[in-house]
Every structure is written in structure tokens, then in C-alpha cells.
Amino acid sequence: MATFNVVLGGAAGQGVNTTEEMLTKVLKQSGFHIFATKEYMSRVRGGINTTTIRISSEPLRSYSETIDILVPFTSGVINWCRERISESTVILGEENFRDEAGDDITFIPVNAEKMAKELGNKLFINTILSGLLCSLFKADKKILTKLVQTKFEDKGENLSQENSDAALEGYKEGEKICKEYNLAFDVDQDASVGETIVLNGAEAVSLGALNGGCNFVSFYPMSPATTVAVDLVNMAEEMEIIVEQFEDEIAAVNASIGAWFGGGRGFVTTSGGGFALMCEGMSLAGMAEIPLVIHLAQRPGPATGLPTRTAQGDLNLALYAGHGDFPRILFAPSNISEAYSLTTQSFDLADKYQIPVIILTDEYLVDTYYNVDRPNVSEKINHHIVEMDKKYKRYVLSESGISPRGVPGYGDGILIANGNEHDEYGDTTEEAGLTVAMQDKRMKKLDILKKETLQPRFCGNENYDVLLISWGSTFDTVKNIVERYNHKKLAMLHFSQIYPLADISAYLKRAETVIAVEQNMTGQFAELIQKELCFKIDKRILKYDGRQISEEFLEKELSEKGVL
Amino acid sequence: MAKQAKLFDSKRPKSKDISWCPGCGNFGIRNELMDVLEEMQYTPKDIAVISGIGQAGKIPHYLNANGFHTLHGRSLPIATATKAVNPSLEVIAVGGDGDMFAEGGNHLLHAIKRNPNITVIVHNNQVYGLTKGQGSPTSMTGMKTTTQPWGVYDEPMNSIAMLISQGCSFVARAFVGHKDETKEIIKNAILHKGFSYVEIFQPCVTFNKINTYMWYKNNTYFLHEHDVTDKEQAMIKAFEKDPYPLGIFYINKEKPCFDNHLPPYKTNNTPLYKRQPNFDKIREKLNYRSF
Ligand SMILES: Cc1ncc(C[n+]2csc(CCOP(=O)(O)OP(=O)(O)O)c2C)c(N)n1
Ligand code: SF4
Ligand SMILES: [Mg+2]
């Protein structure tokens, strides 16, 4: 499989995004598999942000730091990417970045700025670069011009045509460079790409929520979770749903509880700091047995941490959030397709079991996009509610632990929900016997949840010596390495459901070495395995610098551990 | 004469054992609320009483109506959302002065601004009742409490002025001792479309020995010839004390109401629990993302 990594780097506000958008769209429409992930600074102007675009002949969703083509939009980018640059890297940049590149690197001057000026508008620079990059992969010229024209359609016919011409000039320049420097980036097209759609993690979560019947979204802005709220609010009118920015996360989570209580399907999107404020609300949902679905997009903590970077450090927070004991589900989607499907499923599970469900994503997953198979759309959602008669009791001590949930106004009865310990009607009690009976009733639901928990995915060598344990957004990267080094008797178990935890004791016992791979400082998932399964994972590969685990990082770590 | 059973009086087993102290002002508020709801011809299934934590917050257990006894300070976002997804419900949020002004202060501030079509009743006893007598945001200067043993040094919060200044669309104050007037105020609050705020002076006979029934009687008077649409006048009245004015201070019928801006009800008023998502639209959205 041929694959190339193009990295665009520039200051915030320089139009890197425009180039990225045009390039990925043209490439995708031309039949290439595309993947893009960004790393950016927590600032509105300046700084250095980069996007890594992977172009391949087959679906490729793992993260690689290698740079085949680097396009700096500003000085400083080359140095920022220095560790990712190798002899095979080609830098395409304005002449004045040559010094920064140094002598040992292939530097090819591109006069996009001058070309843009000659074409009459400095702003054409992004279109020129898009055209240039498209030509390196022999992307379809017609698709390029059509896309550029549509993009600038509302700017007037002239500008639209001029941009399209600029893109073609760029394309020509690219062809010239390829010839002159003898460059070839041959990637086969794949007809099946046309059937796929492009989603980023945030869109997948948003659309998955809608497919799960979400109709009330409450949030307070916090990176990287806000994108989901923005996606949903932009669809609110059309989808006839309520999206409200509340005054803080405490209000957001409680509003969601109020929405479920009233018969809606609430959804909360937040990040670590915001979720920390929601802990008491989690507990209320647990006690009052009100469904709750929270999307927790992780970024490095503690406190404000690194607002725009990635981590898997909120597992413990999500696992233990809320005082007292009550059942919950924790999902951690492995990829974009799962971000959609598990979010959809979360609504049904929350409703059916009247519990909080937390979807743990992270900045990396939320901001990454690639082409995926069109996800399934449901036929119908099941409202797990009952019509109340005059004798209705909200918290019947049932065998399964699930007490049929009513909604105010539905039927002739009434319901009392309560965050205090309560009797079957929902009225406050302090009786010892009832207290125990109610706690036991609620916790019984955990037994069912355990039976229904998602099994982890196994990949790699069936006769493994070394077993990697990973979870969440690292799936494709770990899988890529495990498959590459299959002959080293390497395998992996990857979890998309964190809690309740599947029993994987048999897998663990068969391994000579078990290594946890996580993006936090202490190995929070390994600790959970130890607690739940009494199996201590001594070896851990932990990354906690705010950057996603890459193929290269994993290879290096595994080599150092003597595995590769 | 045999007492007629009240429609909103709860007959659930635990409702009989009301845990308020004998003589507590909360009894009066409960009675007034039950009467108003019945007089307005509501049935229990039409009403949702959403309370915070405190003595006031216990009220759902003593009413025959939908109820949600939530968390300290958090009744307003919950009530706002319940009304938003289930618009035919009449939603009443209830809490004490600590609940609404301290723990839930930020929510109150923003409920004013958001202006959802709900009613909030604040049982203002100027003390923390449930937690046994600590000072509250409205405790009077000099009042000795369990946690301010030398007396409260600062000035009580002027909630009415705060609400009017922020443009709350319905602001009223009552004293539980005036049964008919209080009922009238609650009724108007429920009828008002928007966020209706009713603060009720409620003697705590156990922990507040200053603000007694007698004190409230002697230190309050009813607003008369007051134009409720005149914000400036309302503000002037809000700063009056000794005696404190009672009645409706301010009404703004023009203030944009949260519930009027909700996309689900642009075409019909079906509560959300009776709906299915528009799956065709979701399919359309997914198609749109084919790049
Ligand atoms: C988060 C939280 N903090 C503190 C408490 C303890 N608490 C319960 S009620 C209350 C204050 C009660 O005062 P108020 O709201 O005025 O109600 P009252 O009892 O006077 O009616 C406090 C501090 C709590 N339940 N939850
Ligand atoms: S402590 Fe005060 S507020 Fe609470 S029930 Fe007794 S009198 Fe009423
Ligand atoms: Mg009080």
C-alpha cells in the first residue's frame, strides 16, 4: 500500500485550513483515501499549527509522524517539525525559508507568493498551493477547478474564475517541480472511496447523538468538546432539537437531567474541567435513576492543562465521578465509526437502565477526520418509558433493578423523583432496611450491564508472547504496529468499553508479557484491570506530552522494551 | 364542618409525616400553593414541582403532583429543561434563600436572563433551616447564628433589586401570613409567560428569632398605586425597607421568552417523549458529508 504524509504548518489565521480543505476534498473526490489530523496551539492568532494529511491507496487510520512533504506557511514551522523531518522529507516553501531548512534537507523553492501577486491577488496563495499539492498526486484537474469555483462562488464570478485559474497555475507549477526534481508520489486510486463519506470525530459524535434520538443539548464551551455543540447547534433548526449554552457545566448537566426527567433525551458535551464540575449531577442521576449521556472529550490536565492537546487522563475521573455507589457505563470509541455508533447506543442504554453513560473521546479523535463507510441510520428509537396510572410508583423494588420510568404528563398518574434516599413512591426515607433495599436495587443493574459489556477487540498473532492492552483513540495506530510485527509474536486487546470491564483474564494469563499502552501518566486503565481482574500489568507504555501516540513512538518504545 | 380533601394534598404514605417544625411558615406556603393550583383548575398530572435542597425543598413530598427533589441550588436549570422538553407542563421551581441565592445564585441570575416560562417560589426565612441555623445571604445584619456567633457583619442581599435590575420579567414578594394576597400573587406568577419570581417571607420559628410572624407583619406593607410596568419605580420600591413593600414590583411582558425560541415547537407542540427523530434528515446530513 502506498501512503504519503503531507504536513501543512502555519500560524493561526494564515489559511492553512483552506489549503487543507481544498486538498483533502480534491484528493478524496479523485479516489484517494484521506486522513487528516491537526495539532494546534491554544491561541487565536500566531503560533504554529500543523495538519498531517495522509494520502493512501487503502484505508489508513493510524497516526504517523513521518513527513514526506512539508509545506511551511511561515518561518518557524520547519524548526517546530524538526524531529519529524528525515532525509526523505521534501520541503516545499518560499525561498526565504531555505536557511531554516538547512543544507541536509531537500528544499524545493516554491514562489507561490510571487505567483499570487502576478495573478493579481495575494490571497490566491492558498489556491495555488492546493493546486500544486494536488498535482503531486496526479489528482483530477477537473475536480480541482470545479471545487475551487464552488468554494468561491459566493465571492462573485470573477473571483471564482480567478481562483480556479490560480489553482491550475499551481497545478502546472507542481508538474514542473516533479519533473525538475524527479519526484514521484504514486498512489493508486480506489473506486470504493466514492461510496465513503468524510467525518471528523466531533461530527461522528454529533450525528450519532441525533441518531440516538438526542433532542436536548446543554453545554458550556470548553475545548475540545465545543465542536460537538457547534455541530449540533448548526443542525438544531432542521433537526428540531434544543441546543442551549448554559451558564456553567453544573447547569449544563442538571439541565440534561431535567430534560430526561421531562421526557427528552439530553446530551452533554464537555471536557475534563467541565466534567469535574458535573460530579454532583452524576450522583443525582445515579440516585434519582435518571438517564444521562455525557460526551467527555479529554485533554491533558490537571486544571486548565493543555487546552488544545490530547490525553486519556480522565478515565479515573469518569469512573469515580459522583459520591456514593451507583452503576454507570464508560465507552471510549476506538475510531470515528465507533464514535457514531457508540454515541447512538449510549442513548438507548442510558434510557433502558436509567444510568449515566459517559463517552470518553479526546482531542485527537474529535479533531481527526478521514473517509469512512456510511454509518447506519436507525429505523426507530425505543422510549423506555411507561404511561403512569393513578397507582404508579416511580421506584418499584423490581427483580431486575429496573423500575419502569414515567414522564410527567404521560398517563393519569404522577411521579416523584428524588435525590434523597427514597421509598418506592420516591418520597424521602431514612429507614435502614429501605436504604439498603434501594441501593441494592440500583446496583443490580450493574449485573446486567456486565453481561452486556462489549468484548475487547483482539488483533495480531494468535500465538502471542506479548500482549498490548489499549483503549480508545489509539486503536488504529496500535493495530498497525501489531500487524506489522506479527512475526514478533505480538498481539493486542483493545477496549471500546472501559466499564463495566470485560473479563479478559484468560488472554492475560496466556501472555508472557503484557504491556499497557495509554496516554496518561500513571496507566489508569492498567490500574482498573488490576482492581477488577486482580492482574497487575507492570510494563506500561505511557505518553503524556499532549501528543497522540504515533507508529514511530510505539515502535521505539517497543524496541526499548526488547519486544521488537 | 368536615374539611374538604384538597386535590393537591398527597395521600402517599410518607406524606403524612411532614417533617417541618410546628408553626413553620412552610405549612402556609404549601396550603396557599395547593389552593391556587386547585382554584386554577389544574390537575396533579399538569404540574411539576422541582425543588432544591433545604426545608423548602421538601415540598414535593407533601404535594399530590409530579415532583423532583433535586440538589442544593440546582432546581432552576432542571426546571428550565423540563419545561423546554414538555411544554404543556406547568413547572414550578421551589427553594430556600440559601438554595436560590447562595448555592444556586448563578442559575438564578441566568434564569432571569434566559426567561423560561416557569415560576420560582423562594421561601425566604433569612436563615439556613435544614442545616440548623447558619446565616443565609438574606440574614439581617447583626443576627447571631451558629456560624456567625458574633453576628452577621455584612448587609443582606437585596434579591428584589437584583432581579429587577437584571430585568426579570415578573418580580413579586409576599408574606405567608397574608393568605389571600399571597395566593393572588402566585396565581399571577403562574399566569405570566416568562420567568416569574415570587419571594415569600416565611418565618422559621426554630432558628430565626428576629424575623418572626409578628416582625414580618409589623415590617411590611402592600404596594398600592404602583405601576408594575415602571422599572424605575419598581427599583425605588425594591430599596425600601422597614417596612418592606409586598406585592408585584415589576412585570415585563415584552422580554423574549426562552421557550418561544425552541426549534421543536416551531410547527407543533407535541412533547418530545412522543416524538421520533427525523431519520431521513440524518441520512441527508450524512450524505452531505460525502465531501
Ligand atoms: C452541595 C451541598 N452543599 C451543602 C448542602 C447542605 N445544605 C442543605 S440545605 C442547606 C441550606 C438550607 O437553607 P435554605 O436554602 O435557605 O433552605 P431552608 O432550609 O432554610 O428552607 C445547606 C447548606 C447540601 N445539601 N448540598
Ligand atoms: S427549621 Fe425553620 S424552616 Fe425548617 S421546618 Fe423548622 S421552622 Fe421551618
Ligand atoms: Mg432558608
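Reply: Helices (H or I, at least four residues) and strands (E, at least two) are DSSP runs, numbered from the N terminus. With that in hand, K489(A) lies in the loop between α17 (475-484) and β20 (490-495) of chain A. This is a predicted model, where local features need pLDDT of at least 70, side-chain atom pairs count only at pLDDT 80 or more, and totals for chains, interfaces and linings use all residues. Residues are numbered from 1 along each chain as its sequence is written, chains are lettered from A and ligands numbered from 1 in the order in which they are written, and side-chain values use heavy atoms, leaving out hydrogens and water.

Me: Why is K489(A) called partly exposed?

Reply: Buried means under 20% relative accessible area, exposed over 50%, and partly exposed in between (1.4 Å probe, protein chains only). K489(A) has a relative accessible area of 35%, so it counts as partly exposed. Its phi is near 55 degrees, a positive value in a residue other than glycine.

Me: How do you know whether I358(A) is buried or exposed?

Reply: Its relative accessible area is 0%, so I358(A) is buried. You'll find I358(A) in strand β13 (residues 356-362) of chain A. Contact means heavy atoms within 4.5 Å. Not counting residues up to four places away in sequence, I358(A) touches several residues, including F275(A), M282(A) and L296(A).

Me: What span does helix α7 of chain A have, and what is expected?

Reply: The expected span of a helix is 1.5 Å times one less than its number of residues. Helix α7 (residues 157-181) of chain A has 25 residues and reaches 36 Å from its first C-alpha to its last, close to the 36 Å expected. Among the buried residues of α7(A) are N163(A), A167(A), G170(A) and G174(A). After α7(A) comes N182(A), with a positive phi near 60 degrees.

Me: What makes a residue of the shell around ligand 2 nonpolar, polar or charged?

Reply: Ala, Val, Leu, Ile, Met, Phe, Trp, Tyr, Cys and Pro count as nonpolar, Asp, Glu, Lys and Arg as charged, and the others, Gly among them, as polar. By those classes, the shell around ligand 2 has six nonpolar, four polar and no charged residues.
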